[in-house]
Amino acid sequence: MKLEKWYRGHSGNQKATDNRGVIWLTSDYDYAQEYANEYPDGVVSAVFVDEDKIEATSGFDYDLDWYFPEDEDIQAIKNDGYNAYYFEAGDGSECLALLSTEPIVKVEVNVDDIEEMVNESIKKILKELYNGF
């Protein structure tokens, strides 16, 4: 098993593996943090992938939008026997687009992110309670 660590920025209300057919990952923590910052409860998850279970094509092998591929493009890639594709983001970060969860070994969320989410939730609840009186 060749284990590699990738990152995904996402809403804290969703699992790191939630997707619409593609799980976008990056090798750059800061790049993932940019995506997490798009959500009020955003977090960065570390996603550990067994690279031996990846059958990847180059994003250049298909005429598709790497970030928002059409459903039929995703299906065509899967039909050709691939479960992922690699591409480079505009800033040079390496990205991996997984088309299945099978190569994922485990997912970890940063403890600081979890603490911040809990603190914000508590503040929100307290504010609602006190505003109700």
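**From the fold to the surface**

Begin with the cartoon view of this predicted model and follow the chain from its N terminus, along which the elements run β-β-α-β-β-α-β-β-β-α; this makes three helices and seven strands. With the whole chain still selected, consider its contacts: among those with a separation of 6 or more, 69% are between residues 24 or more positions apart.

Now switch to a surface view of the chain, whose accessible surface comes to about 8,200 Å², with 49% of that area belonging to carbon and sulfur atoms. Of the 133 residues, 35% count as buried.

Next, select residues 111-131, which form helix 3, and find tyrosine 130 within this helix. Is tyrosine 130 buried or exposed? Its relative accessibility is 61%, so tyrosine 130 counts as exposed, the cut-off being over 50%.

Finally, show the side chains of lysine 106 and glutamate 108, which meet in a salt bridge with an N to O distance of 3.1 Å; the count for the model comes to one salt bridge. How accessible are the two partners of this pair? Lysine 106 counts as partly exposed because its relative accessibility is 40%, and glutamate 108, with a relative accessible area of 36%, is partly exposed as well.

Technical notes
Residues numbered from 1 in each chain as written. Predicted model: local features only at pLDDT ≥ 70, side-chain atom pairs only at ≥ 80, totals over all residues. Heavy atoms only, no water. Helix = DSSP H or I, 4+ residues; strand = E, 2+ residues; numbered from the N terminus. Buried < 20%, exposed > 50% of the residue type's maximum accessible area, 1.4 Å probe, protein only. Salt bridge = Lys/Arg side-chain N within 4 Å of Asp/Glu carboxyl O. Contact = heavy atoms within 4.5 Å. Areas by Shrake-Rupley, 256 points an atom, 1.4 Å probe, with all protein chains shown as cover.
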